[in-house]
Structure formats: C-alpha cells, structure tokens
Amino acid sequence: MNSKENLIPAYAYARVSTKKQSNHGYSIGQQITSIMNFAQQNGYYVTNIFSDEGISAKNLNRPNLQELLKACSNPENDIKAVIVCKLDRISRDVADYTATLKPFFDNKGIKLLTISGSNEETLENEMQREITMVFADYERKIGKIRTKEGLRGKVANGGYPYHAPLGYKNEKDGRYKKMIIDEDYVFYVKRAYALCLQGNSPQTIASILYKEGLRTKKGSRIPKTSIEYILHNRAYTGKFYYDDKLIEKTNFPAIIDEATYFAVQKKLRDPNKTRQTHTDFPYNGCIKCAKCGCQLTGERHKKNTKNGVKYYIHYHCTGNRGGDCKKSSYIRQELIDETVLSMLRQITIPNEVLELVRTGLIEIHKKQGTYHDEIKKSIRKRIDKLDDTLRRAFEENFNSAGMKANIEKWEAEREALVMEEHEIQKATKDFYEQSNSLLRFCNDCYKAFLDGSAEQKRKIINIVCSNFSYDGETLYIEPIPAFKVIMQNSQNIKKLLRLDSNQQPTG
C-alpha cells in the first residue's frame, strides 16, 4: 500500500439539498465513501472533508463550501485537488462554475475531480463539463419553479411574496401571512419620502430619521442602502412587481400614493449623471492586479471633443486590500480588447470537439424536451379542468355564497398555474440561450466574443483563461492547459500574450 508521502493531498466535498436525496443514494455518508474509494484508487489521500447538508447549490453561499474555498486559498495547505461525486454537488449554476469556481481552482493550481466522468485536462472534457452545467442549471431552475407553488398562490391572492418592508408587519391570515400597517414605523416611511422631495439625499435622510428615533434591531442607525430600498420600493403604493408583472390587485393597504412615489423616483434620478452598471464592463471580475491580488474594475470617463462628448472606459485596481497601486494600474478597455482578441484568433476548436458538443447538446435537448412537455402537460391539464369547473359554476350556481368562495379559490389557483407555466417557459428560454452560446463559442470563439454581450464576454474569458492579470505595465493572459495546447499547435506560441510597457500587443 502506498504511504502518504507518495500520495497527492486533496480535499473532499459532498452536498445534499433534501432528505429525499439522502434516501435515494445521495447521502453525505455515501458520497464520502465513494470519494475515499476514488482517492485511494487514483493516488490521492483526503486531508479534510467538507460537506453541506440540506442546502441547495443555487449559489455559492454555503458555509462549508466557503470554508473549503478559504482552505484552498491558504498555500500552507498545499492542496492539489478537490474531489466531488458529481459536478452538480459543488455547483448547479453555469455562471458560478465558469466565472468563479473554475478560474479559482485554476489560479490555485488545484484540480476539480469528479468520480463520474473524465478528469483529463482536455478540451473535450472541458466542453463536456460545460454541457453538464447547462443541463444542471436548467434542472435547478425547474426544481425551483415547482417548489414556488405556495408563493405563487400567495401572489395570486394578492399577498406580498417577500419579507414585509419597514412600515408593514405580517399577520397570520389562514394559509398565508397578510401584511398590515405597522403603526410604530409607518411614520418613518412617510417621513423618508417627504424628506426626499425636499431635496435630501438618502445619507442625510438616514441621519435625520436616526435623530427622530428610527433604529435597527441592534439600536444603530439605518444604513443609506436601506433608505434607498424604502424610496424605490413600489410595494408602498399597494402594488408590486412579481416576475416582471405588476400585481395591482393586492390585499394590503398603501402607505404612499402613486403621485408621491413617482415624484420621488424622478427626484432620485440625476439627469446629469450617467452611471455605468457592472454588466456594462465585460472585464469586471476577470482581471487581477498582479501586485496586490485585487480585482480590476471598470470606470467610464467622458471627454469633450470638437465632435461632441466621447466616452471611454478604463480599468484599475480596486485597492480593496489597502495597496497603493490604483493610480498606476489604469488601462484602456480597447487595449485589453485587442490583446484578448489576438489570443482568441489563435483558437480553433477541433471538429471532433465541436461534434462532441453538438451531440451532447442534442441529447440534453431531448431530456429537456421531455421534462418540459411533462410539466407543461400537467399544468395545462389542471388549467383546462379549472376552466371547465369555472364555466359550469357560472352557468349553474353562481349566486350561492359557498359557490362564490369556491370561484375565488379556483381563480386564484388558475392564476398561480399560469404564472408557473410562464416561469417554465422562461427557464426553457434561458436553457436554449446558454446552449446556443456554447455552440457559437465552439464554432468561432473570436466572433462569439466580438458579438457577445458583456456577460457573454466574461463567460468566454472564464472558459478560456486560467490567469488574467495586470501589473501596471504588462497584461498577462494565460489560457487553461487544453486551450494552450491548441494555440501552441496552431501558432507555435512559446510565451504568454502580453502588452509591453507601451501597452502594445507583443507576440
């Protein structure tokens, strides 16, 4: 038997989201046993085990996953691999995998190994993982939709589906909680709107309301962000948005009239200030400062020219770790574009990989189609039955008191089912968009990047790159091993793509 000196150190991670999974062969104990057997058979030894039980993989906010990532960040641990049973145990979200987990492990030199499937560092395997994540993301969204039945029923009955905002409180009302006015705090909501109309900023309003007695549960001042939430929350008008639809028939009273609400929205908008959001900067979260390790963030500037105002974008170190490299780290987006595109020009996905992606997506489309058809058929069958029941109710016994109550209940159920049907259509649309993005990337990653949105560009960078950093003079872009081999074979590249001190691309 091999001694530990001859084995590679690794961590194990396991997760289940429900008791049902534990009862059907996915328990934490069974996952750990499988991982330990895999490690023993493949030359690894597990130094620590991390597990999250009863937690969904919809995001990365899981306590023991965060502990795992923290442990991986410590170079003293010298971990070379993280082992999971299946990829969806650590993430079921495409964006989390491609934009966070994959680049994180790549940068640390840590392999993410799965018991099921290949772990080779090949382009074929990476594309197979991308396909797996697309379907896992779709399954997660469908599962989320099916578990929101109670929430949709509450909305259909005019109830507010979120936590009661300041000025309201929840009161038990049959199956659901009902929002009512909280007399202890409604004054502060009305006061915040009045102060805003007088020209006070959210920061100033927070200070004034603190002096007038408004406190958090811990007795401190309400933060500026909470004041902004109050001023933007449409629910105070007795209406709210749910799934991009304005719900006007609600069962809770308004605190602010609509005229006041819209006057405040206009006051909050500064016509002389155009703010750029994160999604407008394709390289946000992609480039690290080589000096301090912080992320580079985008910033838009304007310049007055003879032809009018011209806008351009710089990226710079955030300086969040206390470094003084912000001023020396500015770089124009056009120069980053040029360097990234020069790298992508050298990547041509082999035909066999492209065929693998196509075949894999066709199989997943078949499974997705079966899922969608079954769910849609079930929902539509129930809607048709309710329609028939409502029709007969109106024709026969509409005027009886008991029938009126039943009609309201049936109409609420029908509205909830229609909303569920709409959400499934939306999830399916997202699934096809993700699949098409992957195909476009495989067909021509250079063109896919040129034509893509900021979000799509970030995804391409995170698929291709394992290291992307800037030290104030040189921009380094290092592809993952699979893409590096393709570039070396096609262009015989012997060094990283970079910008020299004059910020010009070099070979």
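At 54% relative accessibility, does Lys429 count as buried or exposed? Lys429 counts as exposed, a term for over 50% relative accessible area, with buried under 20% and partly exposed in between (1.4 Å probe, protein chains only).

The model shown in these views is predicted: local features need pLDDT of at least 70, side-chain atom pairs count only at pLDDT 80 or more, and totals for chains, interfaces and linings use all residues. Residues are numbered from 1 along each chain as its sequence is written, and side-chain values use heavy atoms, with hydrogens and water left out.

**View 1. The whole chain, with 17 helices and 16 strands.** Helices (H or I, at least four residues) and strands (E, at least two) are DSSP runs, numbered from the N terminus. Of the 507 residues of the protein chain, 43% count as buried. A contact means heavy atoms within 4.5 Å. Among contacts with a separation of 6 or more, 64% come from residues 24 or more positions apart.

**View 2. Lys429 in helix H14.** Helix H14 spans residues 401-443. The C-alpha atom of Lys429 lies 9.9 Å from that of Tyr138. Along the chain, Lys429 and Tyr138 are 291 residues apart.

**View 3. An open sheet of four strands, in the order S2-S1-S3-S4.** Two strands pair if DSSP finds at least two bridges between them. The pairing in this sheet is parallel. S2 and strand S4 (111-114) stand at the edges. Each edge strand has a single partner strand, so one side of each is left without a neighbour in the sheet. Neighbouring strands are turned by 25° against each other on average, direction ignored. Axes here are lines fitted to C-alpha atoms, for helices over the stretch in contact, and angles run from 0 to 180 degrees between N-to-C directions. Helix H3 (residues 63-73) packs on the sheet and touches S1, S2 and S3. The direction of H3 makes about 150° with that of S2.

**View 4. Strand S1 and the strands it pairs with.** Strand S1 covers residues 8-16. Eight of its nine residues are buried, so S1 is largely enclosed by the rest of the structure. S1 and strand S2 (residues 44-53) run parallel, joined by nine bridges. In this pair, Ala10 stands opposite Val46 of S2. S1 and strand S3 (residues 81-84) also run parallel, joined by three bridges. Here Tyr11 stands opposite Val82 of S3. In a regular strand the side chains alternate between the two faces of the sheet.

**View 5. An open sheet of three strands, in the order S10-S11-S12.** The pairing in this sheet is antiparallel. Strand S10 (296-305) and strand S12 (331-332) stand at the edges. Each has a single partner strand, so one side of each is left without a neighbour in the sheet. A hairpin joins S10 to S11 through two residues. S10 and strand S11 (residues 308-317) are joined by 10 bridges. Asn304 stands opposite Val309 in S11. Two bridges join S11 to S12.

**View 6. Helices H9 and H10 in contact.** The axes of helix H9 (residues 202-211) and helix H10 (residues 224-232) come within 8 Å and cross at roughly 105°. H9 and H10 are therefore roughly perpendicular to each other. Angles of 65 to 115 degrees count as roughly perpendicular, under 35 as roughly parallel, over 145 as roughly antiparallel and the rest as oblique. H9 contributes Pro202, Gln203, Ile205, Ala206 and Leu209 to the contact. H10 contributes Lys224, Ile227, Glu228 and Leu231. The residues of this contact divide into six nonpolar, one polar and two charged. Ala, Val, Leu, Ile, Met, Phe, Trp, Tyr, Cys and Pro count as nonpolar, Asp, Glu, Lys and Arg as charged, and the others, Gly among them, as polar.

**View 7. Cysteines and the disulfide count, which comes to zero.** A disulfide is taken as a pair of cysteine sulfur atoms within 2.5 Å. Which cysteine sulfur is closest to that of Cys325? The closest is in Cys289, 3.6 Å away, too far for a bond. Cys325 is buried, at 5% relative accessibility. Cys196 is also buried, at 2% relative accessibility.
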